[in-house]
Amino acid sequence: MSQSSPTSAGYLYQYTNCHILRGGKIIREDLWIRDGKIMDPEILFYVEKVNADKKIDCKNMIISPGFIDVQLNGGYGYDFSTDVNLEEGIEKVAHGLLSQGVTSFCPTIITSPPDFYHKVLPRIKKCNGSKKGAGVLGVHVEGPFICVERIGAHPKQCVRDYENGFSDVLETYGDLTNIAIVTLAPEKKNSMEVIEEFCKRGIVVSVGHSNANLVEGEEAVRSGARFITHLFNAMLPFHHRDPHLVGLLTSEKLPRNRRVFYGIIADGIHTHPAALRIAHRVHPQGTVLVTDAIQAMGLPDGTYPFGEQTIVVEGKRSYIKGTNTLAGSTATLDHCVRLFAKQTDCGIEKALEAASLHPAQLMGIEDKKGTLDFGTDADFIMLDDSLNVKATYIAGECVYTAP
């Protein structure tokens with residue numbers, strides 16, 4: 001066999017002595033990488049007839065697709081819902097996420113005034129990941145078209161309606177180019193029209209911060225919504241006569257070809273272990289682990305700004321100053337994966353997929369990210385048996401190694 005490909009392809013890496021997550025199972029198999037893509041060894045052996053240019057001994061570590069966090073408000077001292085040092089903040093957080101095994105994320109902006117969206121949204125550009133940091137898939141705008149009664153940590157005075165339909169959306173956000181996900185309350189007037197228009201533009205619609213009943217939730221899904229923002233939080237609780245948005249996990253009135261995904265914060269504070277188990281056992285293929293992290297992630301206890309409000313961080317809890325209202329988390333996504341695996345007893349494979357494959361499917365990018373399938377981007381992480389991140393790779397390049 002020749003050392004280089006007859007097609008003059010790039011440098012070929014072979015990761016050996018590892019256990020890789022593929023097809024829902026962790027299997028003993030080598031991983032082959034070339035030109036930032038995952039390669040099919042059969043083509044390499046029998047068609048190209050090449051050997052690896054370099055072999056890397058993984059020392060029995062687990063290789064998983066890189067994590068994807070679709071709801072992240074900030075971290076390391078930066079808040080995305082402020083225009084102060086915004087570009088610096090995106091860069092700093094993106095780099096910090098590499099140590100968590102996160103290779104792609106959606107910076108999240110909470111309910112804000114229209115002039116803020118007009119100023120900030122054009123500045124948060126979609127970009128590929130690199131050694132500088134995790135890739136940006138687009139902005140998650142969480143609000144302002146939400147329910148005042150389920151406001152959570154959002155500023156009440158900034159909540160808006162779309163009485164004039166999608167024209168009010170455009171007036172509020174301005175340019176939609178960099179938006180990837182929008183969270184709205186489906187019970188609002190004209191929501192179905194708005195949801196359909198977002199979907200036509202390729203923007204994922206999530207229902208949340210809502211007083212919607214199950215019927216309203218089902219109508220939203222039939223109109224194109226496919227995500228539930230931080231399940232159980234900032235919504236009406238499950239009731240046996242009307243399960244509200246939680247009931248979407250088992251609804252029989254949805255299109256058969258449309259899976260509903262749900263974000264869940266497995267930080268040990270936002271969601272009780274029993275609630276985690278209920279959601280996952282009812283609808284395991286829809287679980288998407290999110291951090292909902294704020295700027296205090298990675299920082300000590302103290303007082304921090306959060307959009308137009310002030311939050312207090314004590315221990316692992318963060319809440320609006322002067323209230324008991326939770327305001328995001330300080331958890332990292334790798335911590336959420338470990339805790340989720342432990343508290344649900346779902347197994348390593350399902351815990352890893354909830355932070356990789358499922359968010360990729362939600363975003364419609366599973367042909368590129370979230371798997372170790374042949375031809376996909378070589379965004380992957382190495383973990384020990386306790387699911388601690390030991391190394392992070394983006395496009396086949398090592399961008400983080402644990403000290």
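How many salt bridges does the structure hold? I looked this up before anything else, keeping in mind that the model is predicted. The structure holds 13 salt bridges. I then examined several of them individually.

**Entry: the pair in helix α8**

I turned to D334 and R338, whose side chains meet in a salt bridge with an N to O distance of 3.3 Å. I noted that the two residues are four apart in helix α8, so about one helical turn separates D334 from R338. I next asked of D334: is this residue buried or exposed? D334 counts as buried because its relative accessibility is 11%, and the limit for burial is under 20%. R338 has a relative accessible area of 25% and is therefore partly exposed.

**Entry: helix α8 against helix α7**

I stayed with helix α8 (residues 333-344) and looked up its arrangement with helix α7 (residues 273-282). The two axes come within 9 Å and cross at roughly 85 degrees. I therefore recorded α7 as roughly perpendicular to α8. Which residues make the contact? On α7 I listed P273, L276, R277, H280 and R281. On α8 I listed F340, Q343 and T344.

**Entry: further salt bridges**

I looked up K368 and found its side chain in a salt bridge with that of D367, at 3.5 Å from N to O. K368 counts as partly exposed because its relative accessibility is 43%. I then checked D384, which forms a salt bridge with K390. The closest N and O atoms of D384 and K390 are 4.0 Å apart.

**Entry: a nonpolar surface patch**

I finally turned from charged side chains to nonpolar ones. I43, F45, Y46 and V47 form a nonpolar patch on the surface. Together, these four residues have about 430 Å² of accessible area. I asked where V47 lies. V47 is in helix α1, which spans residues 41-48. I recorded V47 as exposed because its relative accessibility is 62%, where the cut-off for exposed is over 50%.

Note on methods:
Residues are numbered from 1 along each chain as its sequence is written. This is a predicted model: local features need pLDDT of at least 70, side-chain atom pairs count only at pLDDT 80 or more; totals for chains, interfaces and linings use all residues. Side-chain values use heavy atoms; hydrogens and water are left out. Patches are made of residues with over 30% relative accessible area and no salt bridge: like charges are joined within 9 Å, nonpolar side chains (Val, Leu, Ile, Met, Phe, Trp, Tyr) within 5 Å. Accessible areas come from the Shrake-Rupley method with a 1.4 Å probe; for residues, only the protein chains shown count as cover. Buried means under 20% relative accessible area, exposed over 50%, partly exposed in between (1.4 Å probe, protein chains only). Axes are lines fitted to C-alpha atoms, for helices over the stretch in contact, and angles run from 0 to 180 degrees between N-to-C directions. Angles under 35 degrees count as roughly parallel, over 145 as roughly antiparallel, 65 to 115 as roughly perpendicular and the rest as oblique. Contact means heavy atoms within 4.5 Å.
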